[in-house]
Amino acid sequence: MEQVYWVIFGVLAFIVGCLVLTQAKEGGLVSGAGSQLQAFFALRNNYVFVYALMMAGDWLQGPYVYALYQHYGYDVKDIGRLFIAGFGSSMIFGTVVGSLADKHGRKKAALLYVVTYAASCATKHSPDYGVLMIGRLLGGIATSLLFSAFESWLVAEHFSRGFDEKWLGDTFSKAVFVGNGLMAILAGLVASYLVDSLKLGPVAPFDAAILVLLAGGAVIYATWPENYGDHAHAAEGVVDVLRRQFAVAFGAIIGDQRIALLGAMQSLFEASMYTFVFLWTPALAPAGEKIYHGMVFACFMTASMAGSSLSGILMKRYKVETYMKYVFGLSAMALAVPFLFHVNIADQPSSDSHRRTLLAAELAAGKEVVRGLSLQGQMQLVAFCVFEVLVGVFWPSMMTMRARFIPEETRSTIINVFRIPLNFFVCVVLYNVHLFPLSSMFALCATFLAIACLLQIRLERLIRAGPPPGAAPAKSAPAEEENPLLAGTAEKA
């Protein structure tokens, strides 16, 4: 295996260790003593544990979804339709189902996620295309619930118990560190062991995911109290509820520019992130170079862990809105690297023919041609790891800003509305990815992230100016208003 993977992984692991030690030394976002602090730790640890199980159920499936469809004999076009169905389902059905959580309860929505995703995993036992399509539709609904119901439940529970708003950042950063980092690596190892070592076949990880999801569902059922966003209008039917929920949600988005900017930035960033997921493999191996996907995945997840650890330090030292513009800007620069390399390659039209000549000569000499990562591929891998670090910063930071500005009564609805444009964009990309060169797709992603950077600058100015007339106030007023870059340092004095 090429040394570059181990070097990058080692550097990232060292950075994670340093960040974790820094967090421990500085004490994190949470300080104080007494029964309230103990109650917060109990809520935080419970949520992180549940979130980790839910994400493990998701990560167990990831490495073998495409492989399973290939195992059943479907070609790229058929598999592409299945993926499009999943994102389309999340955009349409998931938005509706997720929005009902505000009315009928976030705990119920979390349990519905468990049931829906477990059912989606169960469909993988059938090679029938129609059954697999049903599984993708169920998976799309589950994804919307995963990214709205759990966060909405936590935010409502956090504020109902009177905890400090800053403490939410601690919960989110630890949830992302464990759920999107440790669980991702562990799930990848378990899935590989089930398929490659035990020879149980590509459906085994999905069965393991069902067990993990059911275990998490049992914890939710036994330990989570129910909370709601909308306590009124109890006699309304489902259609009336949805009509009113979406009317209120769109009214909040239109009436408060801060919420609209949050939604736009989330859609732009996540659309770029999901597009990157589909494109990083061909970007690293444009000429069929051999890639160790497991090591690349481990590097990405370790980078994400570094980002989530870094977010905890940043939120303690600064206000979220002051550093997020740098997160978006650096993300744009990282995903622009493949486009820039394409420009350099285009200036050397003879490079492709020269490479083909060398390959033909080696084949004629009887040599086994196994190309590792090129220098450009290695530099792109570093850039992609930088992007994953920023993804790790993005999630807890964006969750914290959403908790501050999105109205409680329609939180799940608004979060799901934010996901409509990103799901639509991903569907368009999947359907047309073969029509555009990779460099153009990465340039588009970089442009989206640059726009998000400009929107974040606008949001920062709006926050400094105060809420507009009639807008919902922020959950808590920061004490360090005169010097936002020093927010969070007052506790050290």
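Predicted model: local features only at pLDDT ≥ 70, side-chain atom pairs only at ≥ 80, totals over all residues.
User: What comes just after H18?
Analyst: Glycine 466, which takes a positive phi of about 95°.

User: And H4, how far does that one reach?
Analyst: H4 runs over residues 76–99 and reaches 33 Å between its first and last C-alpha, close to the 34 Å expected for 24 residues.

User: Where is the kink in H4 centred?
Analyst: On phenylalanine 93, with an angle of about 45°.

User: Which residue caps the N-terminal end of H4?
Analyst: Aspartate 75 does: one of its side-chain oxygens lies 3.2 Å from the backbone nitrogen of lysine 77.

User: Changing topic. How many cavities of 30 Å³ or more are there?
Analyst: The count comes to one. The largest cavity has a volume of about 80 Å³.

User: What lines it?
Analyst: The lining of the largest cavity has 13 residues, and Leu146, Phe147, Glu151, Met399 and Arg402 lie nearest the centre. Helices giving two or more residues are H2, H8, H12, H16 and H17. H16 has the largest share, with three.

User: How do the lining residues divide into nonpolar, polar and charged?
Analyst: Eight are nonpolar, four are charged and one is polar.

User: Why does the cavity lie between domain 1 and domain 2?
Analyst: Because domain 1 (40–226) and domain 2 (238–345 + 374–464) both give residues to its lining.

Note on methods
Residues numbered from 1 in each chain as written. Heavy atoms only, no water. Helix = DSSP H or I, 4+ residues; strand = E, 2+ residues; numbered from the N terminus. Expected span 1.5 Å × (residues − 1). Bend = angle between axes of the 7 residues up to and from the residue. Polar contact = N/O pair within 3.5 Å; in protein donor to acceptor, adjacent residues only side chain to side chain. 1 Å grid on protein atoms, 1.4 Å probe; cavity = no way out; pocket = protein on both sides within 12 Å on 5 of 7 lines; lining within 4 Å. Points joined across faces, edges and corners; volume = space filled by probe spheres on them. Nonpolar A, V, L, I, M, F, W, Y, C, P; charged D, E, K, R; others polar. Domains from an automatic or database assignment.
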